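Please look over the structure below before reading on. The notes go point by point.

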Amino acid sequence: MMAAMPVALTSLSHGAGCGCKLPPAAVHELVGRLPVSERDDVLVGFGTADDAGVVRVRDDLALVQTVDFFTPIVDDPYDFGRIAATNALSDVWAMGGEPLSALSLVAWPLERLGTEALEAVLRGGHDAVAAAGAAIVGGHSIDDAEPKYGLAVTGLIHPDRVVRNVGARVGDRLFLTKPLGAGIVSTAIKRGVAEPAVVRRAVEVMATLNRAAAEAMLSVGPSAATDVTGFGLLGHLYELTSGSGVAARVPASAVPVQSGVYELAQQDVVPGGTKRNHAGLEGIVRWAPEIDPARQLVLADAQTSGGLLIAVPAERATALRDALERAGTPAAAEIGEIVPGDGWIEVVP
């Protein structure tokens, strides 16, 4: 076995985790110019900003398909593998599906990092997929100076039970099931200023499967849902509001944030992806004067393996809160409401 690993994984990544995604405005504009499939069996394609594609196989069965991979967000190879796998699996749960199988995607500088570290990455991915009740059935690898890992995931769903990131209605309550801060913590790791306790908490959050949260969501019936990843909470919320033809009001104080993250943001320990997200919110977000720049950056922070963002009718909000508590998601919180408007988001204290 080739042993190496003389360098921290995050030092080899130009952007950590989902923070290395292309800017949403560029992606949406580009994809919007591509032809959309007109096949009747394609229930959800790339013509919308949904988390995964859905293809009907028969009247009572459809496939949910997604792919996600990225550069290291932490230095420990095993943790990198399970976080990347957890992140990829999340798209299936956000659509209301159940993961079935996955293919590994690997880019690896073999001579520099060796096989021992790669094996740890793959083992972390395997353990996350196994915990999800799915199986890794193959994959593909290439040599690359910048390490990357992720999965192509296939899940199952009933065609009538697909959850979209459109369909939110005025009066719906918004819930977030994980605290924010992954992107900022990853930048702190790269700069060598992250406290061990802050890193441990971030890893714990990112490696937590969204399976239980999705089951709680499905038990009450959401209006719309998505998972929060590289475009940040407000970026993904904008996809939900604009696609639904509504607006949102979010009290910043209601949004759960990992311990130590706000203080890091105050010191400008902030990834470039988060700053791009924040800049892209101009004209979309109406910031109350009391929301300081550091808080704005936290709300725009590029997440990796973030929580589910759920819109649920007001009369089901208590039921969802109770279901999330029973599911063991203690950080889940009600973070706002859907109001009349044309996609904008108001952030209040």
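What follows is a set of numbered points on helices, their packing and some single residues.

1. First, the kind of model. This is a predicted model. Local features are described where pLDDT is at least 70.

2. Helix H7 covers residues 232-244.

3. H7 is mostly covered. Of its 13 residues, 10 are buried. Just after the helix comes Gly-245, with a positive phi of about 70 degrees.

4. Now the packing of helices. Two packed helices are described by the angle between their axes and the distance between the axes. Take H6 (residues 211-220) and H11 (residues 317-326). Their axes come within 9 Å. They cross at roughly 150 degrees. Angles over 145 degrees count as roughly antiparallel, and H6 and H11 are therefore roughly antiparallel to each other. The crossing is right-handed.

5. Which residues make the contact between H6 and H11? From H6 come Ala-213, Ala-216, Met-217, Ser-219 and Val-220. From H11 come Ala-319, Leu-320, Ala-323 and Leu-324. By class, this contact has eight nonpolar residues, one polar residue and no charged residues. An α-helix has 3.6 residues a turn, so residues three or four places apart point the same way.

6. Ala-214 also sits in H6. Its relative accessibility is 2%, so Ala-214 counts as buried. Not counting residues up to four places away in sequence, Ala-214 touches Trp-93 and Leu-308. Pro-109 is another matter. Ala-214 and Pro-109 are 105 residues apart in sequence, and their C-alpha atoms are 36 Å apart in space.

7. The second pair is H4 (residues 182-191) and H5 (residues 196-206). The axes of H4 and H5 come within 10 Å and cross at roughly 135 degrees. H4 and H5 are therefore oblique to each other. Their crossing is left-handed. On the H4 side, Ala-182, Val-185 and Ile-189 take part. They meet Val-198, Val-199, Ala-202 and Met-206 in H5. This contact has seven nonpolar residues, no polar residues and no charged residues.

8. Thr-187 belongs to H4. Is Thr-187 buried or exposed? Its relative accessibility is 8%, so Thr-187 counts as buried. Leaving aside neighbours within four places in sequence, Thr-187 is in contact with Val-269, Val-270 and Pro-271.

9. Pro-179 lies in the loop between strand E7 (173-176) and H4. Pro-179 is buried, with a relative accessible area of 8%. What does Pro-179 touch, not counting residues up to four places away in sequence? The list is Arg-201, Val-205, Pro-256, Val-257, Gln-258, Gln-303 and Ala-331. Pro-179 and Val-255 are 76 residues apart in sequence, yet their C-alpha atoms are 7.4 Å apart in space.

10. Leu-297 lies in helix H10. Leu-297 is buried, with a relative accessible area of 13%. Not counting residues up to four places away in sequence, Leu-297 touches Val-270, Thr-274, Lys-275 and His-278. Val-270 is also one of the contacts of Thr-187. Leu-297 and Ala-102 are 195 residues apart along the chain, and 34 Å separates their C-alpha atoms.

11. Asp-268 has a phi near 65 degrees, a positive value in a residue other than glycine. Asp-268 is in the loop between helix H8 (261-266) and helix H9 (272-280). Asp-268 is partly exposed, with a relative accessible area of 37%.

12. Ser-305 is not a glycine either, and has a positive phi of about 55 degrees. Ser-305 is found in the loop between helix H10 (293-299) and strand E11 (308-312). With a relative accessible area of 1%, Ser-305 is buried.

Terms used:
Residues are numbered from 1 along each chain as its sequence is written. This is a predicted model: local features need pLDDT of at least 70, side-chain atom pairs count only at pLDDT 80 or more; totals for chains, interfaces and linings use all residues. Side-chain values use heavy atoms; hydrogens and water are left out. Helices (H or I, at least four residues) and strands (E, at least two) are DSSP runs, numbered from the N terminus. Buried means under 20% relative accessible area, exposed over 50%, partly exposed in between (1.4 Å probe, protein chains only). Contact means heavy atoms within 4.5 Å. The expected span of a helix is 1.5 Å times one less than its number of residues. Axes are lines fitted to C-alpha atoms, for helices over the stretch in contact, and angles run from 0 to 180 degrees between N-to-C directions. Angles under 35 degrees count as roughly parallel, over 145 as roughly antiparallel, 65 to 115 as roughly perpendicular and the rest as oblique. A crossing is left-handed if the near helix is turned anticlockwise from the far one by less than a right angle, and right-handed if clockwise. Ala, Val, Leu, Ile, Met, Phe, Trp, Tyr, Cys and Pro count as nonpolar, Asp, Glu, Lys and Arg as charged, and the others, Gly among them, as polar.
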